[in-house]
Amino acid sequence: FAHEVGVSLPDPLRQRLLQISPGGRVFWRSLRTGSSPDWIGPTVTGAGPERPATVLISADQVGAFSSYALAFEDDFSAAYLLDLETWAWEPIGGTAPPVRKRAAATFDPLEGRAYLFGGLDDRGPRNDVWAVDLSSRSWMSLKPSGAAPPRRAGARLVLDGARSQLILLGGDGGFFGIEDRLRDLWALDLT
């Protein structure tokens, strides 16, 4: 385990740290005071991501999907849902977005959706928006009205649940240069 590359993230509801490793292997360790610092590898069923890059988890105690993690392949070509109680992986079906790197993603546990914006593909940066509906376990392309943010990769996407909107911040034009950085803020109304 110590030599595997994967994605680590906190699971605040259960006060533990998760590690999603290649092939969908999962390890966790408690963050509670006085608990063992050892990593535990539960028995996981189903196939998870071969090359996990982005993993989203609910930090809320509410919502039908507060006990799930959503993992994307490193090129966002596939997504998998992990039940944090049963340790079972389930693939997300439907037509996935075009392959990309450095996309921005966030999770809405109340609506049971994850959102994906932009990223970088072989033609350059993108500015499309996708959602993963966790109830139907499927992808959908969103077509917002109005002006779209400039194409970008490496941005941050957060959910403003109180206003039911996605907030997109910064990123770059996909070429990693200081002069290429974007310092703007955009909001997408989800109602």
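Student: In which strand is L120 placed?

Tutor: L120 has its place in strand β9. Here a strand is a DSSP run of E of at least two residues, and a helix is a run of H or I of at least four, with both numbered from the N terminus.

Student: How should I read the numbers and the model itself?

Tutor: This is a predicted model, in which local features need pLDDT of at least 70 and side-chain atom pairs count only at pLDDT 80 or more, while totals for chains, interfaces and linings use all residues. Residues are numbered from 1 along each chain as its sequence is written, and side-chain values use heavy atoms, with hydrogens and water left out.

Student: Why is L120 called buried?

Tutor: Buried means under 20% relative accessible area, exposed means over 50%, and partly exposed is in between (1.4 Å probe, protein chains only). L120 has a relative accessible area of 18%, so it counts as buried. Its C-alpha atom is separated by 10.0 Å from that of D172, which is 52 residues apart from L120 along the chain.

Student: What makes D121 buried?

Tutor: D121, also in strand β9, has a relative accessible area of 13% and is therefore buried. Leaving aside neighbours within four places in sequence, D121 is in contact with V99 and R126; contact means heavy atoms within 4.5 Å.

Student: Which backbone nitrogen lies 2.8 Å from a polar atom of the side chain of D121?

Tutor: That is the backbone nitrogen of R123. A polar contact is a pair of N or O atoms within 3.5 Å; within protein, one must be able to donate a hydrogen and the other to accept it, and residues adjacent in sequence count only if both atoms are side-chain atoms. The 2.8 Å for R123 and D121 is within that cut-off.

Student: How do you know that D133 is buried?

Tutor: D133 belongs to strand β10, and its relative accessible area is 14%, so the term buried applies. A polar atom of its side chain lies 2.9 Å from the backbone nitrogen of S135, and one lies 2.8 Å from the backbone nitrogen of S136. Beyond four places in sequence, D133 touches G112, R113, S138 and M140.

Student: Now a loop: why is I92 called buried?

Tutor: I92 sits in the loop between β7 (88-91) and β8 (104-108). With a relative accessible area of 9%, I92 is therefore buried. Not counting residues up to four places away, the residues I92 touches include L70, Y80, L81, V132 and W139. The C-alpha atoms of I92 and L81 are separated by 6.9 Å, though the two are 11 residues apart along the chain.

Student: What makes the phi of F76 worth a look?

Tutor: Most residues other than glycine have a negative phi. F76 has a positive phi of about 60° although it is not a glycine. F76 is found in the loop between β5 (68-73) and β6 (79-83), and a relative accessible area of 2% is why it counts as buried.

Student: And what is the phi of W87?

Tutor: W87 is not a glycine, yet its phi is positive, at about 60°. W87 lies in the loop between β6 and β7. Its relative accessibility is 11%, so W87 is buried.

Student: What makes a space a pocket?

Tutor: On a 1 Å grid over the protein atoms alone, a pocket is an open set of points with protein on both sides within 12 Å along at least five of seven lines, where a cavity is a set in which a 1.4 Å probe fits but cannot get out; lining residues have an atom within 4 Å of a point. The largest pocket holds about 320 Å³ of space. It is lined by 22 residues, and the closest to its centre are F117, V129, P144, P149 and L188.

Student: How many lining residues of the largest pocket are nonpolar?

Tutor: Its lining has 16 nonpolar, 4 polar and 2 charged residues. Ala, Val, Leu, Ile, Met, Phe, Trp, Tyr, Cys and Pro count as nonpolar, Asp, Glu, Lys and Arg as charged, and the others, Gly among them, as polar.

Student: Last one: how many helices and strands does the protein have?

Tutor: The protein has 0 helices and 14 strands. Of its 191 residues, 47% count as buried.

Methods. Points joined across faces, edges and corners; volume = space filled by probe spheres on them.
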